[in-house]
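Hi,

Here is the structure I promised to pass on.

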Amino acid sequence: MDLQPTSELLKRHPDLVTGKRLLIAGQLLDYYPLDLAKSAKTTTICITHAGLSEHYQKQIQPKNSPSVILNAIPELNGHFDIALLYIPKAKQEADYWINLLLPHIDKNGEIVIVGENRGGINAAVKLLAKYHLTGHKIDAARRCSLIYAERGNHDILFDESQWIKNFQVTLVQGELNICSMPGVFNHGKLDQGTDFLLKHLPPLEGKGLDFGCGAGIIAAALSLQKKAHMTAVDVSALATHCTSQTFAANQLDGDVICSDGLSAISDTFDFIVSNPPFHLGVNTQYETTRQFIATARQKLTSQGQLWLVTNSFLPYQSLLEEQFPNCQIIADNRKFRVYCCKPR
């Protein structure tokens, strides 16, 4: 896994964490936090990406072994000398992580925030000021910046309920109360692609899978039809946390799995529905959806169906036709396209 520019900038400051109790979180995209753990006294790494969490667990060495937590709201025991935040692009998500981390930093401790100039770091100083912390830029390189602040002695509390947003949506399938939080697709609103897909879905029955479930809108909408039992899967622990809450808020039954792709899914399904992701951090990436399309057919029954909505410009039609002999465009409004694909 290539070292990201943010980690290359951090490599210029090895003494920041030496001998300290280190807490790491945020938009982690490489293995450099494991290198930092070698010089820290203790290290706890908070991860929300299931695939990266699995890779970290495989890479951990016995010496100075860090604790790796895959959770939207990690339970953190004890206090730390320093927190390192790889800042996410979304300002609200960055604020969420700062608020979650600070109560666990000793009052004479420190927080360091690193990020790309196009990826949220420019908001770091203002976000720290919200908690009465004074942030300073201590280095910049590779189009990234490094912000440092002392924790101070202010009392800072984290309240999960302040970060959960509930909103109502009216769909063809019925009314839903959706629960979302920063960093989750569909946060606070129904996105146009999901809305377009749901308007063109026929009633679906049997076992269904919502891939890339986000806040759980698709899975919950199909569960309203009562003849569908849904499994919702997402690589993000933030997303699966919200989907579980969405199911509960609407008194719906469903299974929720945090998994990188379909690797943790052993069942086969009568239908799979997805509004797949195409962003990773600040970058556009198609590999997640390519792998999903390549493996989705194996997870369908012989009479199964794959329903997919994508932005019209995305290059997925040929990939779908390679895997599915029966592939149709059901709707296209020039911005979004809905596909229905069958294995036979």
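**What I found**

Asp95 is buried, with a relative accessible area of 8%; buried means under 20% relative accessible area, exposed over 50%, and partly exposed in between, using a 1.4 Å probe and protein chains only. Before I go on: this is a predicted model, where local features need pLDDT of at least 70, side-chain atom pairs count only at pLDDT 80 or more, and totals for chains, interfaces and linings use all residues. Residues are numbered from 1 along each chain as its sequence is written, and side-chain values use heavy atoms, with hydrogens and water left out.

**Around helix 4**

Asp95 sits in helix 4 (helices, H or I with at least four residues, and strands, E with at least two, are DSSP runs numbered from the N terminus). Its side chain makes a polar contact of 2.5 Å with that of Lys130. By polar contact I mean a pair of N or O atoms within 3.5 Å; within protein, one must be able to donate a hydrogen and the other to accept it, and residues adjacent in sequence count only if both atoms are side-chain atoms. Leaving aside neighbours within four places in sequence, Asp95 is in contact (heavy atoms within 4.5 Å) with Leu127, Lys130, Tyr131 and Trp163.

Now the rings: a search of the whole structure turns up five aromatic pairs. Rings of Phe, Tyr and Trp (its six-membered ring) pair if their centres lie within 6.5 Å, with planes under 30 degrees apart counted as stacked, over 60 as edge-to-face and the rest as tilted. Tyr96 and Trp97 make an edge-to-face pair, 5.4 Å centre to centre with 75 degrees between the planes, and both residues are buried. Tyr96 also pairs edge-to-face with Phe158, at 5.7 Å and 70 degrees. Tyr96 has a relative accessible area of 0%, whereas Phe158 is partly exposed at 25%. Ring pairs link Tyr96, Trp97, Phe158 and Trp163 into a cluster.

**Salt bridges**

The structure holds 15 salt bridges, each a side-chain nitrogen of Lys or Arg within 4 Å of a carboxyl oxygen of Asp or Glu. In one of them, Asp81 meets Arg21 at 2.7 Å, N to O. Asp81 lies in strand 4 and Arg21 in strand 1, so this pair ties together parts that are 60 residues apart in sequence. Asp81 is partly exposed at 21%, and Arg21 is partly exposed at 25%.

Lys107 and Asp155 form another, at 2.8 Å, N to O. Here Lys107 is partly exposed, at 42%, and Asp155 is exposed, at 66%.

Asp195 and Lys199 form a salt bridge too, with the closest N and O atoms 3.2 Å apart. Both lie in helix 6 (residues 192-200), four residues apart, about one turn of the helix. Salt bridges that share partners also join Arg21, Asp81 and Asp106 into one network.

**Cysteines**

Cys242 is buried, at 0% relative accessibility. The sulfur of Cys327 is 3.1 Å from the closest cysteine sulfur, in Cys341, which is too far for a bond.

Cheers

Definitions and conventions. Disulfide = S-S within 2.5 Å.
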